[in-house]
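The sequence and structure come before the notes.

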Amino acid sequence: MGQIKDEFEKVMRRKTFAQVFVAPILIALLFSWLFSSNQILKSPITVIDLDNSMYSRQLIDKLDASLYVDVARVMNEPIEPALILTHDSTCAVVVLPKGLEENRYRGKSSNIGFVVNDSVAAAVGNLRQGVAEVLAGENASLLMSKLLGMGLSSEQAQGVAGSLSVQQRSLYNPTSATVNTTVIGFVNLIILALFVRQTAQIVPRLRIEGRFDEDIISPLALFCRIIPHVLLFLASMLFTLGLLKQFGGLRFGGSVAALLLPLFLYLLASGFFTMLLSLPVKDPGGTLPQLAAVVGPSFFFSNILLPVALMPRLIQIIAMAFPLNWYTKCYQAVALRGAGFAVLGQELGMLMILLAVFLLLMVLMIGLEKRSASV
């Protein structure tokens, strides 16, 4: 067990301790600030009001009152919507045609233009919903007025206007707070990158120090060197989560105790995966390929950019080999859905399987190196 003490001393002598805690906190603060006004995404739009009537102004006010729409500018002269969208200052253009109010009172239909800038897809997803909800409400209101005018009672008119209604509930992240998705995703990525950088240098450093052959006499001695790094980064991640919970609006509905085992297994599996890839490396400065091999795919399969469930089946199978994919599922279950150990069986089982596979491959590779050295 002297290897654990040796690794702890090396960690404390270098700048590793400060980096492990400072970098995630800075990243968490930076992204929390960047997305501070993005709890519910209100996308800016421009309205071209060619009718300039009382009804058109009322409709604009209703659009602006939507949770997803911010009417940034109203124009009363005809202009090509593409010109307005050129500089990305607005996400969409709504065109209210001339005669809108007159058509409303005459019972005639009006075509409202809705031009969306799809080059900023993340900003317009909820925008379509917001505009559609306002216009659907207006159509329902107009239909109700007509039915009441025909002598139907209010209850009868509601039945004719729509016998089915949707009651929508948003679960786990109802305000679409990015701190629960994008921010925590990038924090996990930064912590993983720092962790991989440290663990990838263990074997090359031992080779330079001439201590590698001594450690591989018993593979357990080499494996023990992972433990100090796992404990240090586990503390860093929990500390960062605590700060985001207290000051960044992070949702954490479960128990910290339920997250400890998944987090420990994830870091341990990631450490052994990195050590496995770094076994052939002779120089600590040559570990960049190992860093890219672990961090790059882990980022791709971590649900930060795109849900893995929407990817092709082959990619989903490949994603199963990366511990971050399983830890993300555990984190979402515990933090967002308030789950406990009872529902984490599959994820914990996969993390243990990956850990066992990485350990077995390391033992085999160390055995081959011993054999080749003795020949």
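Asn 52 is partly exposed, at 42% relative accessibility (buried is under 20% relative accessible area, exposed over 50%, partly exposed in between, with a 1.4 Å probe and protein chains only). This is a predicted model, in which local features need pLDDT of at least 70 and side-chain atom pairs count only at pLDDT 80 or more, while totals for chains, interfaces and linings use all residues. Residues are numbered from 1 along each chain as its sequence is written, and side-chain values use heavy atoms, with hydrogens and water left out.

**Backbone at Asn 52**
- Asn 52 is not a glycine, yet its phi is positive, about 50°.
- Asn 52 lies in the loop between β1 (43–49) and α3 (54–64) (helices are DSSP runs of H or I, at least four residues, and strands runs of E, at least two, numbered from the N terminus).

**Cysteines**
- The whole structure has 0 disulfides, a disulfide being a pair of cysteine sulfur atoms within 2.5 Å.
- Cys 91 is buried at 9% relative accessibility.
- Cys 330 is also buried, at 0% relative accessible area.

**Cavity**
- The largest cavity has a volume of about 30 Å³ (a cavity is a set of points on a 1 Å grid over the protein atoms alone where a 1.4 Å probe fits but cannot get out; lining residues have an atom within 4 Å of a point; points are joined across faces, edges and corners, and a volume is the space filled by probe spheres set on them).
- Residues lining the largest cavity include Leu 63, Val 94 and Phe 114.
- β4 (113–116) and α6 (121–149) each supply at least two lining residues of the largest cavity.

Technical notes. 1 Å grid on protein atoms, 1.4 Å probe; cavity = no way out; pocket = protein on both sides within 12 Å on 5 of 7 lines; lining within 4 Å.
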